[in-house]
Amino acid sequence: MLSLCARGHKFYQKQWGDAGVNIADIQTIDDLENLPLTHKQELMAAPEDFRLNLPDLPLHERALWEVLYTTGSTSDPVPLYNTTYDYHAYLHQSQIVADISGIGESDVIANLFPLTPAPMGAFVRSAGNAYAAGATIFAALPGGAFGPFDVHRSLDQAVARVEKHRATILWGVPSYIRRLLIRALELKSDLSSVRMCAITGEATSPALREDIRRCLREMGAAQPVIFNRYGSTEMGAFAQCQEEGDWHNPSPELQYHEIVDPETGRRLPDGERGTLAVTHLDKRGTALIRFVVGDIVSIDRTPCPHCGRTSERVVGPVVRTKDLIKVKGMLINPDVLLDALQSMPAIAEFQIVIQQEDATDPLSMDEMLIRVALQNKADASIAEEIAARGRKAVNVTPRVEIVAMEDIYNAGAQTKAVRFVDRRSSSASTVR
Ligand SMILES: [Zn+2]
């Protein structure tokens, strides 16, 4: 992997040149510590520079199979490139994930991830996971509507599809799955076929996971299982062999993990909590070496006490260190939104609040609320434009509330206005 990068990876050619590293000196896992870390900001600044460019490779190692996007700190998501070779590697990895999680040919997977403006890994890869396991899959296509083609589907339609196809596995963002189950209970739908939920994309608490189980039990599911899928588009997927367990690296031949000090790049001993870094070992499209994921975890390399597998396990709790926050499963950067609102002259004061949709229900879905106080001459109809600007900035549609200036910023009592408030109980430190 390192010699491929030395031949055709623009970013690492420069980074290693600047650092005076001779790749021939990197011979062991221990030597890897001598390479600089890669930070997400560097990937976001120049995603094309992270793509291997080696015209002499065989076609399947060069041909672009898919582009997935990961949300960055600008409003534009960052493209990650996968060649045919990488797609096969992902199928291989998904087969092992399915084995570890007990997903097989008799399963019917409901892909409940939203249709988003740029292709997100979780949505696109759901099909590959089903192909690898030999399972059946269909999609519910939820999400905020955009574009002229009317392909998004409502919550009730999603419930109907899950019931009709007798889905055994619900695959999606946990707060959406929970909402779907609550709606199914209201509609008295029969979702007793569901035996597992594979959730990813946002922080969940044990209480939310237990509430999802409760809904499934009420619908007649005997012993519903919830697997919390840890991973990202950059990292690939990890798998739990049992509920609430550690995350196994399914394919240590494809990705190497270490815990590092993000300032010095020094590796920390196993069992010590620190910043997770991933190194691709066999990639052909976008390739990352010692990439800082942005989560604080520890690693255990002893055999799993439950299943005996010997690849390393990521041990939680997962604490996110990025400035980015997740709303409805989408990573957003509050700064981009602040910039967009600060540029609107009609707004006198504003505050962005991330909270639960239903304040009495701590497990309900996220809501982004923009509270604004308007300048004297401004018309209240500007609320629509504010919502549109917010959506354009971060791809999440906010609710806009017009309030009095003092409701946001009481200049007599506060030293400065608080522009960003996260009222969610689970926002500080849980698994995404
Ligand atoms: Zn295990």
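Start by selecting strand S17 (residues 347-356) and S20: the two run parallel and are joined by three bridges. This is a predicted model, so keep that in mind as you click around.

You have an open sheet of four strands, in the order S19-S18-S17-S20, and its pairing is mixed. Which strands stand at the edges? They are strand S19 (399-402) and strand S20 (420-422); each has a single partner strand, so one side of each is left without a neighbour in the sheet. Look along the sheet and you'll see a twist that averages 20° from one strand to the next.

Helix H11 lies across strand S18 (366-374) and S19, and its direction is at about 140° to S19.

Time to move to another sheet. Select strand S3 (residues 108-111) together with strand S5 (residues 169-172), a parallel pair with three bridges. Here Ala-110 sits opposite Leu-170 in S5. Bring in the rest and you get an open sheet of five strands, ordered S4-S3-S5-S6-S7, with parallel pairing. At its edges are strand S4 (136-139) and strand S7 (225-228), each pairing on one side only. Neighbouring strands in this sheet are turned by 20° against each other on average, ignoring direction.

What does Ile-169 touch, leaving out residues up to four places away in sequence? Its contacts are Ile-103, Asp-107, Ile-109, Ala-110, Met-196 and Ala-198.

Finally, zoom out to the whole chain. Its secondary structure comes to twelve helices and 20 strands. The radius of gyration is 23 Å, close to the 22 Å that the globule rule gives for 432 residues, so the chain is as compact as a globular protein of that length. Along the principal axes, the C-alpha atoms fill a box of roughly 65 × 55 × 45 Å. If you colour by burial, 39% of the 432 residues count as buried. And if you draw the contacts between residues at least 6 apart in sequence, 68% of them join residues at least 24 apart.

Key: Residues numbered from 1 in each chain as written. Predicted model: local features only at pLDDT ≥ 70, side-chain atom pairs only at ≥ 80, totals over all residues. Pairing = 2+ DSSP bridges. Axes fitted to C-alpha atoms, helices over the stretch in contact; angles between N-to-C directions. Contact = placed C-beta atoms within 7 Å. Rg over C-alpha atoms; globule rule 2.2 N^0.38 Å. Buried ≥ 20, exposed ≤ 12 C-beta atoms within 10 Å, placed from the backbone.
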